[in-house]
Amino acid sequence: MTDRRATLFGSTIRALEADDLARIRRPLPPETEFDFAAGEWRLRVPDEVRYALAETTRRSELGYSEPHGDSALREAFLGDLDGARASRHEIDVIITAGAKEGLWIALQQLVEEREPSFASTPNVLAPEPGWEPYRSWIKALNLRRVAYDPIALVRDPESVLGQPALKGAILVVNYPNNPTGVAASQEALNRIACAARRYGSAILADEVYRHYADELTSLAKCPDYEPRLDIIVDSASKWLAGAGLRVGFLVAAPERAARAGLFRTSYGSCPSGIGQQLALTLMQEPACRDWTASLQTTAAENISLLSRELASIGLAVESAGALYLWLKHHDISFNSNGIPAALVTDGATFGAAGYVRVCVARKVTSPHSAAIAIAIGSKS
Ligand SMILES: Cc1ncc(COP(=O)(O)O)c(C=O)c1O
């Protein structure tokens with residue numbers, strides 16, 4: 001354990017390749033009508049929501065937060081996991097600096113605390129196409145990455161998990177999936193959790209897009225969910241359109257959540273108390289709830305409008321869901337009539353060259369022009 005921690009910093013930096021660093025340093029692209037690259041909401045926040053947030057700021061204290069996070073926010077989050085199979089004393093949540101910190105702590109914890117009888121170099125099953133930090137983290141921790149197709153896991157979890165060499169692997173699941181939008185029904189998640197138990201896998205569930213799925217699914221609702229083995233991570237970034245708040249949630253058995261919190265105190269403190277209060281306001285204030293509910297509707301409408309327009313110009317969408325459309329990149333020359341190319345994200349970022357990701361968390365005023373701009377597409 002000491003050895004791994006001693007080299008963690010260096011290997012994390014090495015795992016961030018030149019491309020990643022360039023991406024981190026690059027300033028945000030200019031706000032254009034056809035910026036479909038940045039994976040967060042780009043909308044004007046309504047006045048009622050701004051007032052509610054301003055009122056919360058006015059009342060907030062400036063001191064340190066409670067070490068594991070604001071207790072009202074933690075209870076509200078667990079309340080939102082409606083239908084969780086575990087009872088309240090079997091699960092707890094700590095607040096993290098976004099899902100990113102939660103997932104990074106969780107992965108390290110799953111590696112440290114796994115059964116010693118499993119393979120000495122842990123296998124981590126990660127989705128491909130998939131969110132790129134999973135790859136960097138697995139590399140930084142010197143683990144063995146086994147890529148799986150997120151559609152294949154939904155269709156047949158046994159075929160993905162049931163290979164003898166993968167016994168005891170850590171399974172990262174992310175549904176709806178970034179970048180493909182592919183979702184898993186609750187029934188499919190149940191089957192995945194059941195297969196994970198059969199083959200000794202612990203699950204790391206990245207649920208940051210769950211509020212954008214047709215069905216409000218969660219690993220916590222699966223009959224085979226085991227809070228002492230699995231870790232669930234969520235965040236205010238997508239669900240509450242509050243990426244800048246840096247408020248995330250790590251859910252596990254109480255003693256495990258407490259150890260995750262203790263590990264965090266070795267290098268940092270809980271995110272800003274004001275940020276947490278703002279997240280709670282976004283979750284609970286009626287005006288904010290109406291707004292975040294309307295975002296879910298807007299994302300679904302944009303997906304259907306843009307899919308239809310893209311199809312009308314001969315571009316088939318491979319899959320879509322949450323905030324994303326996923327399609328093959330075609331070098332087609334369109335008569336653009338002066339329409340500029342749209343910014344889209346290169347599928348290579350997610351391990352799938354030849355594809356592009358289109359983020360629909362935007363106002364789409366002219367779907368037809370947007371579709372042409374996407375077809376001309378300039379990859380970022
Ligand atoms: C799949 C996935 N997980 C986690 C995150 C990170 O979210 P946060 O802003 O809460 O760190 C993102 C952000 O894009 C994501 O796409």
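Start at the ligand: of the 13 residues around it, Gly-98, Ala-99, Lys-100, Ser-235 and Ser-237 come nearest. A residue counts as near if its C-beta atom, placed from the backbone, lies within 6 Å of the molecule. The model is predicted: local features need pLDDT of at least 70, side-chain atom pairs count only at pLDDT 80 or more, and totals for chains, interfaces and linings use all residues. Numbering runs from 1 along each chain as its sequence is written.

Select helix α5, residues 98-112. This helix gives the largest share of the shell, three residues. By class, the shell holds four nonpolar, seven polar and two charged residues. Here Ala, Val, Leu, Ile, Met, Phe, Trp, Tyr, Cys and Pro count as nonpolar, Asp, Glu, Lys and Arg as charged, and the others, Gly among them, as polar.

**Zoom out to the whole chain.** The protein chain has 14 helices and 12 strands. These are DSSP runs numbered from the N terminus: helices are H or I with at least four residues, strands are E with at least two. Of the 380 residues, 45% are buried. Buried means 20 or more other C-beta atoms within 10 Å of the residue's own, exposed means 12 or fewer, and partly exposed is in between, with C-beta atoms placed from the backbone. Among contacts with a separation of 6 or more, 77% are between residues 24 or more positions apart. A contact needs C-beta atoms, placed from the backbone, within 7 Å.

**Select α3 (47-59) and α13 (286-312).** Their axes are 9 Å apart, and the angle is about 130°. Axes are lines fitted to C-alpha atoms, for helices over the stretch in contact, and angles run from 0 to 180 degrees between N-to-C directions. The pair is therefore oblique. Under 35 degrees counts as roughly parallel, over 145 as roughly antiparallel, 65 to 115 as roughly perpendicular, and the rest as oblique. The crossing of α3 and α13 is left-handed. That term applies if the near helix is turned anticlockwise from the far one by less than a right angle; clockwise is right-handed. Now show the side chains: Glu-48, Val-49 and Ala-52 of α3 meet Ala-287, Cys-288 and Trp-291 of α13. Five of these contact residues are nonpolar, none is polar and one is charged.

**Next, α4 (71-80) and α12 (273-284).** These helices pack at about 35°, with axes 9 Å apart. Their crossing is left-handed. From α4, pick Ala-72, Leu-73 and Ala-76; from α12, pick Gln-276, Ala-279, Leu-280, Met-283 and Gln-284. That contact has six nonpolar, two polar and no charged residues.

**Finish with the backbone.** Most residues other than glycine have a negative phi, and most peptide bonds are trans.

- Glu-128 to Pro-129: a cis peptide bond with omega about 5°. Pro-129 sits in the loop between β2 (123-127) and α6 (133-140).
- Asn-178 to Pro-179: also cis, with omega near 20°. Look for Pro-179 in the loop between β4 (170-173) and α9 (186-198).
- Asn-142: phi is positive, near 55°. The residue is in the loop between α6 and β3 (144-148). Asn-142 is partly exposed, with 14 other C-beta atoms within 10 Å.
- Ala-322: phi is positive, about 50°. Find Ala-322 in the loop between β8 (317-321) and β9 (324-328). Is Ala-322 buried or exposed? Ala-322 is buried, with 29 other C-beta atoms within 10 Å.

Note on methods:
Two residues are in contact if their C-beta atoms, placed from the backbone, lie within 7 Å.
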